[in-house]
Amino acid sequence: MIIHTIPISLTVGNLLGNAALSISLTASIILHHVPEGFALSTALISQGERLWRLFIYFFIFSIFFSIFIWFGQYWALPDKAQGILMGISIGLIATASISEFILHQLQKVSFKAFFMYLFLGYFLSYIFHILVE
């Protein structure tokens, strides 16, 4: 997740000066990081990590995110480069999600339940996007 943060942070930093995107960008980043926080918390707590260590991990993660936002503010990126960075970020998190969260769970649940949960996730995401518009 930290590697995925680098391109998205650079893009966010570069777009901070754009007043038209500031509210939508802030909302999308918050909505984007909440499920990542839940996933990371679940993974660490299931491995027996203490809550204070979880707080330290999130603090370090936030500092890392802030540093690359700062770098992005001073780096002039054209729209095409920002799109490429966002694509890289999405690809990295998709790869991590599929390999770490989805494929490991195939061994623990039935095939039918797995596809039911997968369909439910896509359906809820679709409903959320319809309601947000």
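Is S89 buried or exposed? The legends below begin with that residue. All views show a predicted model, in which local features need pLDDT of at least 70, side-chain atom pairs count only at pLDDT 80 or more, and totals for chains, interfaces and linings use all residues. Residues are numbered from 1 along each chain as its sequence is written, and side-chain values use heavy atoms, with hydrogens and water left out.

View 1. S89 is buried, because its relative accessible area is 2% (buried, under 20%; exposed, over 50%; partly exposed, in between; 1.4 Å probe, protein chains only). Leaving aside neighbours within four places in sequence, S89 is in contact with H4, P7 and I8 (heavy atoms within 4.5 Å).

**View 2. Salt bridge between R53 and E49.** The closest N and O atoms of the pair are 3.6 Å apart (salt bridge: a side-chain nitrogen of Lys or Arg within 4 Å of a carboxyl oxygen of Asp or Glu). A search of the whole structure finds one salt bridge. R53 counts as partly exposed at 35% relative accessibility, and E49 counts as partly exposed at 22%.

**View 3. Nonpolar surface patch including L131.** V109, M116, Y117, F119, L120, F123, L124, Y126, I127, I130 and L131 make a patch of about 1,100 Å² (residues with over 30% relative accessible area and no salt bridge, nonpolar side chains being joined within 5 Å and like charges within 9 Å; areas by the Shrake-Rupley method with a 1.4 Å probe, only the protein chains shown counting as cover for residues). L131 lies in helix α5, residues 111-132, and counts as exposed at 68% relative accessibility.

Note on methods. Helix = DSSP H or I, 4+ residues; strand = E, 2+ residues; numbered from the N terminus.
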